[in-house]
Amino acid sequence: MSHTLRQSELFTKTRKEAPSDEISKNAQLLIRAGYIHKEMAGVYSWLPLGLRVHENIKTIVREEMNAIGGQELIMSTLQNKELWERTSRWDDSVVDVWFKSTLAAGGEVGFGWSHEEPIGAMLKNHLSSYKDLPIFVYQFQNKLRNELRAKSGIMRGREFGMKDAYSFALDEAQHDEIYSKNIEAYNKIYERLGIGDDTFMTFAPGGAFTEFSHEFQTICDAGEDYIYVNREKNIAINEEILSDETLEKLNVTKDELERVKTVEVGNIFNFGRQKAQDIGLTFKSEDGENIAPWMGSYGVGTTRLAGVLVEKFSDEKGIVWPESVTPFTYHLIVLDNGNDEVRADAERLFQEMESHKVSVLYDDRNVRAGEKFADADLIGIPQRIIVSEKTLASGEYELVSRATGTSTFINEQEILRN
Ligand code: ATP
Ligand code: MG
């Protein structure tokens with residue numbers, strides 16, 4: 001992606017109002033600022049600015065997955081019915097979010113809402129011996145889910161971006177090592193996204209194979225979950241499993257815990273050997289026995305995270321992106337008022353930024369200052385550089401923080417050093 005863009009060439013326009021049926025703050029702001037387009041409830045397209053933000057989130061996730069040895073792949077959206085029947089998960093009464101279709105040639109296919117079964121089946125071709133383990137793979141993919149309610153904007157889509165990862169290990173110890181590495185990677189991801197302090201690894205329902213799974217829950221008023229948290233002890237429990245038994249097991253009392261509203265930004269699962277067994281995936285152990293590997297599954301909601309960031313980092317004027325995901329580092333704004341020298345200086349600075357690989361959106365439009373500022377506030381690039389008659393006279397540029405509105409001066413070398 002290009003690191004510079006002239007706003008006069010950006011095809012999206014900002015707008016005063018979001019669609020009247022859009023009730024969530026995240027989608028309202030993202031639509032008004034031109035990041036996304038609403039196709040229908042729970043279905044959004046990602047426009048140039050939005051794509052940049054989502055790609056930045058993916059880059060952070062990708063770097064942390066690669067750092068713990070993940071190998072990236074991408075699996076198909078259309079899925080084989082028989083695979084899911086084998087684990088009894090084709091049935092709509094078992095999995096209530098399936099989208100399905102029929103083939104013209106006969107037979108049914110499912111649209112991928114998860115890839116646990118397909119990845120397990122695929123590995124039958126690549127896993128034969130204990131020497132092949134561990135295996136840790138991940139992908140970024142659009143998941144399709146027929147969610148009953150879609151009122152949380154991009155935080156609950158019917159089509160949404162997810163990073164899903166799958167691990168296969170020869171025994172519990174090897175599995176635990178990968179699982180712990182993923183926990184560390186997840187903590188780094190949320191830290192880098194600026195939500196580390198508000199994100200808790202949370203004990204959650206375990207499913208058929210283990211007592212608990214672990215969710216990563218971020219405190220957020222627009223969330224759909226509740227957790228009980230103790231910040232000092234760094235313990236969090238999903239409300240769904242809060243019971244005397246759970247409290248005892250985790251060695252906390254209910255009055256030590258605070259109930260907070262949250263959104264699930266990640267989820268990790270331990271399937272033991274059960275899932276691979278159901279799928280029919282085995283390897284030859286050192287003793288020559290055919291056994292099923294331990295399997296883990298690790299999800300991060302990448303498009304949901306963009307929504308969470310907007311919910312948490314915005315004000316009445318618009319979005320305030322964290323530096324780590326902002327679509328551009330700087331928003332360069334020229335206030336020339338018909339002064340050709342000011343315009344020429346802004347053009348020159350933009351070209352210098354371009355050649356020094358500084359990331360910048362340049363508002364070169366011939367519109368009023370008020371309109372430029374209102375749009376810049378809505379779009380939410382955290383640092384703004386103003387070029388005006390005042391700055392031309394001073395020889396420095398004005399650097400304005402979107403978050404605080406405070407203004408300082410910055411010289412050209414400092415800008416180009418970035
Ligand atoms: P939820 O309880 O919110 O429905 P889930 O348990 O169904 O989530 P997983 O199947 O574990 O979620 O998916 C992994 C991650 O994908 C979640 O932690 C969440 O961040 C994200 N995610 C799940 N469903 C959606 C959705 N409908 N829209 C956007 N992101 C989602
Ligand atoms: Mg769900």
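Arg89, Glu116, Glu117 and Lys275 are linked in a network of salt bridges, a salt bridge being a side-chain nitrogen of Lys or Arg within 4 Å of a carboxyl oxygen of Asp or Glu. This is a predicted model, in which local features need pLDDT of at least 70 and side-chain atom pairs count only at pLDDT 80 or more, while totals for chains, interfaces and linings use all residues. Residues are numbered from 1 along each chain as its sequence is written, chains are lettered from A and ligands numbered from 1 in the order in which they are written, and side-chain values use heavy atoms, with hydrogens and water left out. Here is a friendly tour, starting with the charges.

**Salt bridges**

- By the rule above, the count comes to 34 salt bridges.
- Arg365 forms a salt bridge with Asp363, and the closest N and O atoms of that pair are 2.9 Å apart.
- Arg365 counts as buried at 18% relative accessibility, and Asp363 is buried too, with a relative accessible area of 0%; buried means under 20% relative accessible area, exposed over 50%, and partly exposed in between (1.4 Å probe, protein chains only).
- The side chain of Arg365 also meets that of Asp375 in a salt bridge, at 3.1 Å from N to O.
- Helices (H or I, at least four residues) and strands (E, at least two) are DSSP runs, numbered from the N terminus.
- Both Arg365 and Asp375 are buried.
- Asp92 forms a salt bridge with Lys100, with 2.8 Å between the closest N and O atoms.
- Asp92 is partly exposed, with a relative accessible area of 45%, and Lys100 counts as partly exposed at 27% relative accessibility.

**Aromatic rings**

- The structure holds 14 aromatic pairs. Rings of Phe, Tyr and Trp (its six-membered ring) pair if their centres lie within 6.5 Å; planes under 30 degrees apart count as stacked, over 60 as edge-to-face and the rest as tilted.
- The ring centres of Phe136 and Tyr298 are 5.8 Å apart and their planes stand at 90°, so this pair is edge-to-face.
- Phe136 lies in strand β8 (residues 135-144) and Tyr298 in strand β17 (residues 294-300), so the pair ties together parts that are 162 residues apart in sequence.
- Phe136 counts as buried at 8% relative accessibility, as does Tyr298 at 0%.
- Phe269 and Phe271 form a stacked aromatic pair, 5.7 Å centre to centre with 15° between the planes.
- One aromatic cluster is formed by Trp84, Trp90, Trp98 and Trp113.

**Charges over rings**

- Lys275, one of the residues in the salt-bridge network, lies over the face of Phe271 at 5.0 Å from the ring centre. A charge sits over a ring if NZ of Lys or CZ of Arg is within 6 Å of the ring centre and within 35 degrees of the ring normal.
- Arg259 lies over the face of Tyr226, at 3.7 Å from the ring centre.

**Around ligand 1**

- Of the 13 residues around ligand 1, those that come nearest are Arg145, Glu147, Arg156, Gly157 and Glu264; a residue is near a molecule or strand if one of its heavy atoms lies within 4 Å of it.
- An N or O atom in the side chain of Arg145 is 2.9 Å from an oxygen atom of ligand 1.
- A polar side-chain atom of Arg156 lies 2.8 Å from an oxygen atom of ligand 1.
- A polar backbone atom of Gly157 is 2.8 Å from a nitrogen atom of ligand 1.
- On its own, ligand 1 has 580 Å² of accessible area, of which the protein covers 82% (Shrake-Rupley method with a 1.4 Å probe; for residues, only the protein chains shown count as cover).
- The elements that give two or more residues to the shell around ligand 1 are β9 (159-169) and β14 (258-270).
- Strand β14 gives the largest share of that shell, four residues.

Notes
A polar contact is a pair of N or O atoms within 3.5 Å; within protein, one must be able to donate a hydrogen and the other to accept it, and residues adjacent in sequence count only if both atoms are side-chain atoms.
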